[in-house]
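This report covers ring contacts, the disulfide, strand pairing and the nonpolar core of the structure shown below. Each term is given its cut-offs where it is used.

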Amino acid sequence: QVQLVESGGGLVQPGGSLRLSCEASGRLRSIISMGWYRQPPGNEREVVARIRSDGLTIYAESVKGRFAVAQDSAKNTVSLQMNSLKAEDTAVYYCNVQNVGPGGMNNYWGQGTQVTVSS
């Protein structure tokens, strides 16, 4: 059984920084990508940043230049360094892993971690 455990959320002032981490455990082979999504209050879940197995990174326009996603393939971990945080970054952040299994592509999700940007 695959489990994703996130850590690092919290309350931070505008302009501050936070680092989220996610560790994946279980039988995870043929990973296509790892990354982060977020769901702001009253809105749908949206992609924040992803890193593919070939190292290509993809960012939402709203976080480019401020956030950085990184992966440790050996440890099946993915992190998100968030700098220059804004109030609009407030959301529940979810770790995501995509892989290919016997039945096709799978999406795994963490339980979510709250990030609140407020003075």
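## Aromatic pair and cation contacts

Trp109 is partly exposed, with a relative accessible area of 36%; buried means under 20% relative accessible area, exposed over 50%, and partly exposed in between, with a 1.4 Å probe and protein chains only. The model is predicted: local features need pLDDT of at least 70, side-chain atom pairs count only at pLDDT 80 or more, and totals for chains, interfaces and linings use all residues. Residues are numbered from 1 along each chain as its sequence is written, and side-chain values use heavy atoms, with hydrogens and water left out.

Rings of Phe, Tyr and Trp (its six-membered ring) pair if their centres lie within 6.5 Å; planes under 30 degrees apart count as stacked, over 60 as edge-to-face and the rest as tilted. The count by this rule is one aromatic pair. Tyr37 and Trp109 form it in edge-to-face geometry, at 5.0 Å centre to centre and with 70° between the planes. Tyr37 belongs to strand β4 (residues 31-39) and Trp109 to strand β10 (residues 104-109), so the pair ties together parts that are 72 residues apart in sequence. Strands here are DSSP runs (E, at least two residues), numbered from the N terminus. Tyr37 is buried, at a relative accessible area of 17%.

The charged end of Arg45 sits over the ring of Trp109, 4.6 Å from its centre. The charged end of Arg45 also sits over the ring of Tyr94, at 3.7 Å from the centre of that ring. The criterion is NZ of Lys or CZ of Arg within 6 Å of the ring centre and within 35 degrees of the ring normal.

## Disulfide

A search of the whole structure finds one disulfide, defined as a pair of cysteine sulfur atoms within 2.5 Å. Cys22 and Cys95 form this bond with their sulfur atoms 2.1 Å apart. The torsion about the S-S bond is about -80°, so the disulfide is left-handed. Cys22 in strand β3 (residues 18-25) and Cys95 in strand β9 (residues 91-101) are 73 residues apart, and the pair links distant parts of the chain. Both Cys22 and Cys95 are buried.

## Strand β9 and its partners

Nine of the eleven residues of β9 are buried. Two strands pair if DSSP finds at least two bridges between them. β9 pairs with β4 in the antiparallel sense over eight bridges, and the bridge partner of Met34 in β9 is Val97. With β10, β9 pairs in the antiparallel sense over six bridges; Asn99 has Asn106 in β10 as its bridge partner. Two residues lie between β9 and β10, which form a hairpin. The pairing of β9 with strand β11 (residues 113-117) is antiparallel over three bridges, with Tyr93 opposite Thr113 in β11.

## Nonpolar core

A nonpolar core is a set of buried Ala, Val, Leu, Ile, Met, Phe, Trp, Tyr and Cys residues joined through side-chain atoms within 4.5 Å. The largest has 28 residues, of which Trp36, Val48, Phe67, Val78, Leu80, Met82 and Tyr93 touch the most other members. β3, β4, β5 (46-52), β7 (67-72), β8 (77-82), β9 and β11 each supply at least two residues of this core.

Leaving aside neighbours within four places in sequence, Tyr93 has contacts (heavy atoms within 4.5 Å) that include Trp36, Val48, Phe67, Leu80 and Met82.

## Positive phi residues

Ser30, though not a glycine, has a positive phi of about 50° and lies in the loop between β3 and β4. Ser84 is also not a glycine and has a positive phi of about 50°. Ser84 lies in the loop between β8 and β9 and is partly exposed, with a relative accessible area of 43%.

Key
Helix = DSSP H or I, 4+ residues; strand = E, 2+ residues; numbered from the N terminus.
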